[in-house]
Amino acid sequence: MKRMSMTMVIVLLLIPMALFARGVSEDVTTLTIAGRDGAYGDAMELAIQSYTAKNPNVRFELLKLSGSELMEQSVIELRGGTGAFDVILIDDPFLTQLQEAGWLADLDALYRKKGVAIDPDLVENMVNIGRYPYPNGPLYALPHVGNVALFAYRQDVSRKYGIEKFDTWSQVLDVAKKIKANEPGMAPILFRGVQGNPIVTGFLPIYWAFGADILKDGKPAFDTPEALNALEYFLELAKYAPQGVTAYQATQVSDALLSGVGAIAIEVWPGWIGNLENPELSNVVGKVKIAAHPGEVKRSSSMIGAWMVAIPKDSKNIDAAFDFLLHLTSAETQAMISEKNGVPPTRHSVHKISSLVAMYPWYPAQLDGQISGSIRPRTNYWAEIESVFGDYLQRALVGNLTAKAALEQIQRRVTEIIER
Amino acid sequence: MRNRERAVYSSFFYIVFAPALLIILLLTTYPMVTILYDSFFRYSFVVNTRTFVGLGNYIHIVGEELFQRSLINTLVFTLVASFSEVVLGVALAFLLKRQFLGKRVASLIVIFPMIISTMVICAVWQIFYHYEIGLFNHVLTTLGMQRVGWLTDQRVALASIILVDLWQWTPFAFLIIQAGMGSIPSEIFEAAQIDGARSGQIAVKVTLPILRNQILLVLMLRTLDTFRLFDKVYALTGGGPANATQTLSFFIYREGFKFFNFGRASAASVITLVGVAFLALFYVRRLLGEEE
């Protein structure tokens, strides 16, 4: 009898608890974000914290994935149409491929539904990257990380050789030769030499400055005199890079620059140089100039490598996800992330906050790059093109192929890929 | 009557094993059949388009320089790594067979690399191999020698990965060979000694022939594993420099999960599967043949 009474009491206690729990769960929305690891993941976490402080009924699951894992998982989930992700981070060249499959929600429609317009404070060139077809189609993604490839050099060293500001790549080569001859222990040139994306990304500003193109009217354009001049120049410049440059990644470039060993980095990204002016971590405080890339036959054109945020159209929480996107890309959130984490903003106003410019002196160059920078070709085959381009580029770098032979091979292979 | 009993007996086993067999068929045969089917199509996973191309994927892939390079690298890696691991494993087993002070600690140290995650091992070896600050180049420069681009020189990079594999998996060979040695009755050695055989002769003419099956087993397991090399390439070199460390598994990964060309990835997988099956069959036949 006693046991029976106890059981009844427990059951009576559990029923309201279960009902209460059900009531709570109905009000809570959980957004799942497929995001990046490292600094980008930390930046997303900061945005989540500030959002949940204002919206306690929204919870988040943040997946911090490497770049390749993010693409793999996004494609597999989006293809499955399970609605597992509510927000996804996309490396800008892959937006075309994802939207070609029609997997993303139309943000223009969501703006209209909410009765707001795209804030003109967001850099227009960066917003347009999220349009498909580029640059005038509907909007499918907003710019979250305003990455722009920049050019870094030790101004104290370049001044010794009469260069205050590099206008051309020819000047870069001249100074590299002088540094090699006169500055023992210093690596004149730094870049990422790992095959695939890293070496291509480092080379593209040179390639474009020499007037070469990747695709012209949708067809490969690697077998041109401009491309040959660019590659021959790059191979000449690479003679002044450290011996192990073919294994150099972002860490090695950044370490060499911050330690004072490297003189000129032909490619740096804002995420690599956050500690440049931090005396505890940098030996070169006030010595390194971050600028737009030099030109050659064409004016300089920085390469944009933005991380965009989008909402899968199969998400079950599209409205909540859109509200979070507006928060993530707001001026307030971008300023907070920029200050605490160093991830580059995509708004005009945030680039002009004086305290941030003091922390990150390259903000004016970064904003210029965002306004006028170039993007990689919008094609479904970019991953393959980049892979082939990077493979043969590195083979030329290690001396397996001449510049001409490498470009002929790239032209042949990319043509095969596009015509397949 | 006897036939009936046998039929009942067989049926019982079929019934008992049917669920497990069904699961195995689903988990192994179905993916294999799917891969074989997909390999005859130009199949883009992203846009979900399939066009029948017959043997087109196979013909294209086999003719590609990158695939040929991947195949050669895989064969070189498989042969050198698996044979070296077995030779070193046998040598270690002989070395640690004798009784000496600290034998237990030595055995523990020897098997230590095998229990660490491959990614951790790669991170550690990446530091060892670092051109500027790496341990190996530090030793070389201290001895007045030139630095080596362990992971950056295309002539050395594959050998550097083989060295990491040897470090990690020689203990596995050692463990199996040592277990085999432990199971040899001591009377055999005593008899050989009475017959006047020296320790070298005992090792070559008595111990090794008895360990033949264990050696073949280790060789088979290591061959099959090394043929599928992926993780060390992914973590240490990314296939570079200049494709010097590209392997078949890495080729499949690139085609499948970077480019989402599932038709081409499937064709390359079928070729790899045939290679692995051929190797496995070779060893299994030798192992079973010996038993029969």
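Residues are numbered from 1 along each chain as its sequence is written, and chains are lettered from A and ligands numbered from 1 in the order of writing. In this predicted model, local features need pLDDT of at least 70 and side-chain atom pairs count only at pLDDT 80 or more, whereas totals for chains, interfaces and linings use all residues; side-chain values use heavy atoms, with hydrogens and water left out.

Chain A contains 18 helices and 11 strands (DSSP runs numbered from the N terminus, helices being H or I with at least four residues and strands E with at least two). Along the principal axes, the C-alpha atoms of chain A fill a box of roughly 95 × 55 × 45 Å. Among contacts (heavy atoms within 4.5 Å) in chain A between residues at least 6 apart in sequence, 74% join residues at least 24 apart.

Helix 2 of chain A spans residues 38-54 and includes Gly41(A). Gly41(A) is buried, its relative accessible area being 0%. When residues up to four places away in sequence are not counted, Gly41(A) touches Arg36(A), Leu62(A) and Lys64(A). The C-alpha atoms of Gly41(A) and Ser66(A) are 9.8 Å apart, with a sequence separation of 25 residues.

Strand 4 of chain A (residues 141-145) is largely enclosed by the rest of the structure, because 5 of its 5 residues are buried. Strand 4 runs antiparallel to strand 11 of chain A (residues 307-310), and 4 bridges join them; strands are taken to pair if DSSP finds at least two bridges between them. In this pairing Ala141(A) stands opposite Ala310(A) of strand 11.

An open sheet of chain A is formed by 4 strands in the order 6-9-5-10, with mixed pairing. Strand 6 (187-190) and strand 10 (288-291) are its edge strands, each pairing on one side only. Neighbouring strands of the sheet are turned by 10° against each other on average, direction ignored (axes are lines fitted to C-alpha atoms, for helices over the stretch in contact, and angles run from 0 to 180 degrees between N-to-C directions). Strand 5 (residues 150-154) and strand 9 (residues 262-268) of chain A run antiparallel and are joined by 3 bridges. Leu150(A) stands opposite Val268(A) in strand 9.

At the interface, 30 residues of chain B are in contact with 29 residues of chain A. The two chains bury about 2,500 Å² between them, 51% of it on carbon and sulfur atoms; this is the accessible area (1.4 Å probe) that two parts lose on being put together, summed over both. Between chain B and chain A there are 3 salt bridges (a side-chain nitrogen of Lys or Arg within 4 Å of a carboxyl oxygen of Asp or Glu). Arg413(A) forms a salt bridge with Glu64(B), with the closest N and O atoms 4.0 Å apart. On the side of chain B that touches chain A, at least two residues each come from strand 1 (41-44), helix 3 (65-95) and helix 12 (248-258) of chain B. Helix 12 supplies the largest share of that side, 4 residues.

Thr152(B) is placed in the loop between helix 6 (135-142) and helix 7 (157-182) of chain B. Thr152(B) is buried, with a relative accessible area of 11%. Leaving aside neighbours within four places in sequence, Thr152(B) contacts Gly244(A), Thr246(A) and Ala247(A), as well as Pro241(B).

Definitions and conventions: Buried means under 20% relative accessible area, exposed over 50%, partly exposed in between (1.4 Å probe, protein chains only).
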